[in-house]
Amino acid sequence: MEAVPARTRVYVACVAVAALFCLLPPPGVRTPWWAVALLAALYAGCERVARSRFAGISHPVGTFYPVLLAGAFLLPASAAALVAVPGALLSPAGQRPVALRRIWRAAQLVLGVWTAARVHSALGGRDAVLEGDVPYALGPAGAAVLAFCLVLALLDGGILVVAERVPARRAWRGLVERSLAPIAVHGLAGLMMAVLWRSPYGPVAALLVLLPMCVSWWAFAQYHRERAAHQATIRALVQAVDIKDGYTRGHSERVGQASMMIARELGMADERVEVLRFAGILHDVGKLGVPTRLLRKDGPLTPEERRVIELHPEYGHEMVRGIGFLGEARAAVLHHHERLDGSGYPYGLLGRQIPESARVVAVADAFDAMTSTRSYSRARPVAVALAELERCAGTQFDPVMVAALVEAVGRVGWRPAVTADDARTPRVPPPGAPVPSRPGAHR
């Protein structure tokens, strides 16, 4: 917890205190403890299974929100909020600090469920559930789901602003839109649970509603297993490139990071940001098809050797073309050495003929090349590298991408890394070696 900034701990503490107040039952309100215990045990068990190794899901997804929302539709607000606590505190946190993450998750869910229950009760939803009037119950349930979603989004955006220093104008962008549809489906399942719970068939019938949710959860787990397999393949390819071209070890990962920074600064959706990160990571994978003696050659390259090295984008494209989820990352691998003035390779594309993903990776690639120490040149200061990118904007690089990187680096900074095995004594660049004044001219 020591590594967590103080402002983050204060924010989490404030949210936790607010959650504790929500758990206090108002005077005169009777709490059905058996229902609270049953729903809490059900939620905790489902979350435990969902985040187990057997499930293959490692991120904290609210897989069984139907149980929490059913509690909001059935119970007083304080009792409904209590349902979330055991599951949130006992489920695996995934990353350190474990205690702080569990407290944050519990407090967030308590506030969300409490708000949903209060909205549902204020609109007469509990009476509709007791009477089994499903059509009338849909309105209050929908409002409660919306309130639940808004609270979670509000708190998530707040933690981004406080902990990660994300600008407020971007912190909440898309949070509600991305989560509302899935939570609405969970809310409908929760409403069906609540109606069946109050029916003559009782709680046992309510549990049957979870069966289709379990099927969808299982399908979701399979998707994540497949995605993890793809990512393992990508890591293996990148490691192979790093081993083969020792002068640029770690370069691919950093280009992926810079590409992600540019994409986020441009306001791209999270899914596309991830694809562009993969594009940056894989941009040099075609070097696996280039003879090692050329990649490690210290002397000048002959024109024929240069032509062989310039085939690596096409080699890379052939290697990744069968990985379906990469999408536009494949185009970035193929075209990241194109230049806006048409003097790049492999096809000499001009301006907007170059795919946007390739224009992002080209800037990220050149930036890391200039700020990393190689065997033939020392790393440039970040400010100097950015100034060089701005000088070449419009001829070699897309000015929009350059401006986005300058803005992102100015806000969050950049820590250049040494990529050569022996960077403490850089050699004088041999004749014909990449010219430092031309960004992006590295092999």
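In the UniProt record, an unreviewed entry, the annotation "transmembrane region" covers residues 65-91, 103-123, 143-163, 175-197 and 203-221. The structure described here is a predicted model. Two of the annotated segments were examined for their secondary structure. Over residues 65-91, the chain is 85% helix and 0% strand, with the end C-alpha atoms 14 Å apart.

Helix H1 spans residues 6-23 and includes Phe 21. With a relative accessibility of 59%, Phe 21 counts as exposed, because the cut-off for this class is over 50%. Together with Val 17 and Leu 24, Phe 21 forms a nonpolar patch on the surface, and the accessible area of the three residues together is about 320 Å².

A polar atom of the Ser 259 side chain lies 2.8 Å from the backbone oxygen of Val 255. When residues up to four places away in sequence are not counted, Ser 259 touches Leu 276, Gly 280, Val 360, Val 361 and Ala 364.

The structure holds 13 salt bridges. One of them is formed by Glu 328 and Arg 272, whose closest N and O atoms are 2.5 Å apart. Glu 328 lies in the loop between helix H17 (312-320) and helix H18 (329-335), whereas Arg 272 belongs to helix H14 (residues 270-282), so this pair ties together parts that are 56 residues apart in sequence. Both side chains are assigned to the partly exposed class, Glu 328 at 25% relative accessibility and Arg 272 with a relative accessible area of 29%.

Arg 272 also forms a salt bridge with Glu 356, with the closest N and O atoms 2.5 Å apart. This pair links distant parts of the chain, since Arg 272 is in helix H14 and Glu 356 is in helix H19 (residues 356-371), 84 residues apart. Glu 356 counts as partly exposed, at 28% relative accessibility.

Another salt bridge joins the side chains of Glu 318 and Arg 321, with an N to O distance of 2.8 Å. Glu 318 is partly exposed at 49% relative accessibility, and Arg 321 is partly exposed at 48%. Salt bridges with shared partners join Arg 272, Glu 328 and Glu 356 into one network.

Note on methods: Residues numbered from 1 in each chain as written. Predicted model: local features only at pLDDT ≥ 70, side-chain atom pairs only at ≥ 80, totals over all residues. Heavy atoms only, no water. Polar contact = N/O pair within 3.5 Å; in protein donor to acceptor, adjacent residues only side chain to side chain. Contact = heavy atoms within 4.5 Å. Patch = residues over 30% accessible without salt bridge, like charges linked within 9 Å, V, L, I, M, F, W, Y side chains within 5 Å. Areas by Shrake-Rupley, 256 points an atom, 1.4 Å probe, with all protein chains shown as cover. Salt bridge = Lys/Arg side-chain N within 4 Å of Asp/Glu carboxyl O. Helix = DSSP H or I, 4+ residues; strand = E, 2+ residues; numbered from the N terminus. Buried < 20%, exposed > 50% of the residue type's maximum accessible area, 1.4 Å probe, protein only. UniProt positions renumbered as here; feature names shortened; annotations may be inferred.
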